[in-house]
Amino acid sequence: DPGVSVPQTRSPRGGSLTLLRRIGVVDPTSLDDYRAHGGYETLRRAVDLGASRVVQELKDSSLTGRGGAAFPTGVKWDGVATAPVRPHYLVCNADESEPGTFKDRVLMEYDPFGLVEAMTIAGWATGCERGYLYVRGEYPLATRRLEHAIEQARRRGYLGEDVMGEGVTFDIELRRGAGAYICGEETALLNSIEGFRGEPRNKPPFPSVSGLFGKPTVINNVETLYNVLQVLDVGGPAFASVGGERSTGTKLFCVSGAVATPGVYEVDFGTTLRELLTLAGGLRGELRTILLGGAAGGFVMPDQLDVPLTLEGAREIGATLGSGVVLAFDTDADLVGTLRRIAAFFRDESCGQCVPCRVGTVRQEEALARLERGTPIGDRETELALLDDLARVMRDASICGLGQTAPAAVGSALALGLLDRPDPTTNGKASAWVPR
Ligand code: SF4
């Protein structure tokens, strides 16, 4: 897609792993070309190792989920692999919808067979004979290429009742989302596959105990599954030696906004934000702030660019790595407008199931609008206290992550004083925007 720049970069620290190695190199429509570039060697290695050893390699790697929650993948796999209830299901969460994310899309569009192979390994190692690949509805090219890859793999014996002649049974069914952000939440996604409204379930029980159709289910994000190939290629301990203690391996970041070369960049965990921005060609204009982790993340100020990009490093400055969003704003950016859109986004995307989120996202947007127009209820401090109250209630009482994190970016901007300056797009005057 010409709209997405996909520079293949390496970590400035010279790491040995790279998830992007086949992007732009292999023909994404050719199984033969995929095989010519090492495709299906990892599945062969996995079968030789045996399922329990594969799970152990995952545990040794300390690989954590790349969808945002950062749960240890090996622990998740082990829980399902050893569950006595049958059947088991595998679900790949490819409903990449966080504003500012496009890394999974690049992987699926340019290396679709990689995902099919990784899902086959995951399914086989955890005792699943069926996998569901839930792709964001607005990703038509990724969908077409994945459908083609699944069909090719099935025809050539890489999916089906006797995968690679090894007696492994595994097949994949692709499902398309219908445009709801909430279906990226894992239990809403399960409901959607089952044909129900995409509303999150209460947890526990967790999907590894009672997931799809009430059976033990492994749910992995796209980037996490590509990492499985890396883990088995280099071995768990070698994978764990890259990055930090709790953040191992490499991470894909979607760098956009006021940088010279927006795109998907892969760096070792522990690389600093400054180094990542340098890889993206440096900043355009004078930096005002960076949104790290997406709409549910937090803002990073220009004097914090040496923060190491690890789960812990981001947390220490009140942000999160989330799904890898790095969105740079220069001093001309309409930051107030962006926050307004984030608030409106959460209001629109709330599934409405629980009151703290359904009402809280509306109230948050209204308070932000009053602040922007300079017409707070009472004074500005009262309005900020109201936003703080709302944030606490939403965080503590919402059923799922959407409601719990909806106040994050707005709260971060307020705490850092980012809204104290006039909006440059309106010369400091009230905007024409009016909340619904
Ligand atoms: Fe739905 Fe929001 Fe409640 Fe999640 S927090 S269940 S999105 S209303």
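Helices (H or I, at least four residues) and strands (E, at least two) are DSSP runs, numbered from the N terminus. The structure described here is a predicted model, in which local features need pLDDT of at least 70 and side-chain atom pairs count only at pLDDT 80 or more, while totals for chains, interfaces and linings use all residues. Residues are numbered from 1 along each chain as its sequence is written, and side-chain values use heavy atoms, with hydrogens and water left out.

## Asp 171 in strand E4

Strand E4 covers residues 168-176 and includes Asp 171. With a relative accessible area of 17%, Asp 171 is buried, where buried means under 20% relative accessible area, exposed over 50% and partly exposed in between (1.4 Å probe, protein chains only). Contact means heavy atoms within 4.5 Å, and, once neighbours within four places in sequence are left aside, Asp 171 is in contact with Glu 129, Arg 130, Gly 131, Arg 154, Leu 159 and Gly 160. The side chain of Arg 154 also makes a polar contact of 3.1 Å with the side chain of Asp 171. A polar contact is a pair of N or O atoms within 3.5 Å; within protein, one must be able to donate a hydrogen and the other to accept it, and residues adjacent in sequence count only if both atoms are side-chain atoms.

## Helix packing

Axes are lines fitted to C-alpha atoms, for helices over the stretch in contact, and angles run from 0 to 180 degrees between N-to-C directions. Helix H3 (residues 51-61) and helix H4 (residues 73-81) have axes that come within 7 Å and cross at roughly 150 degrees. That crossing makes H3 roughly antiparallel to H4; angles under 35 degrees count as roughly parallel, over 145 as roughly antiparallel, 65 to 115 as roughly perpendicular and the rest as oblique. The crossing of H3 and H4 is left-handed, a term used if the near helix is turned anticlockwise from the far one by less than a right angle, with right-handed used if clockwise. On the H3 side the contact is made by Val 54, Val 55, Leu 58 and Lys 59, and on the H4 side by Thr 73, Gly 74, Val 75, Trp 77 and Asp 78. These residues of the contact of H3 with H4 divide into 5 nonpolar, 2 polar and 2 charged, given that Ala, Val, Leu, Ile, Met, Phe, Trp, Tyr, Cys and Pro count as nonpolar, Asp, Glu, Lys and Arg as charged, and the others, Gly among them, as polar.

Helix H5 (residues 103-110) is mostly covered, with 8 of its 8 residues buried. The axes of H5 and helix H9 (residues 222-234) come within 9 Å and cross at roughly 55 degrees, which makes H5 oblique to H9. In this pair, Lys 103, Asp 104, Leu 107 and Met 108 of H5 meet Val 222, Glu 223 and Tyr 226 of H9, and the residues of the contact divide into 4 nonpolar, no polar and 3 charged.

## Backbone features in loops

| Residues joined by a cis peptide bond | Omega |
|---|---|
| Arg 86 and Pro 87 | about -5 degrees |
| Lys 203 and Pro 204 | about -5 degrees |

Pro 87 lies in the loop between H4 and strand E1 (88-94), whereas Pro 204 has its place in the loop between helix H8 (186-194) and strand E5 (217-221).

A positive phi, near 70 degrees, is found at Tyr 40, a residue other than glycine. Tyr 40 belongs to the loop between helix H1 (31-36) and helix H2 (41-49) and, at 3% relative accessibility, counts as buried. Ala 70, likewise a residue other than glycine, has a positive phi near 60 degrees; Ala 70 lies in the loop between H3 and H4 and counts as buried at 13% relative accessibility.

Ser 256 is found in strand E6 (residues 250-257) and, at 14% relative accessibility, counts as buried. Not counting residues up to four places away in sequence, Ser 256 touches Phe 102, Pro 262, Val 326, Leu 327 and Ala 328. Leu 63 lies 193 residues from Ser 256 along the chain, and the C-alpha atoms of the two are separated by 26 Å.

Arg 392 has its place in helix H15 (residues 380-397) and is partly exposed, with a relative accessible area of 41%. The side chains of Arg 392 and Asp 388 are joined by a polar contact of 3.0 Å. The C-alpha atoms of Arg 392 and Pro 407, which are 15 residues apart along the chain, are separated by 8.7 Å.
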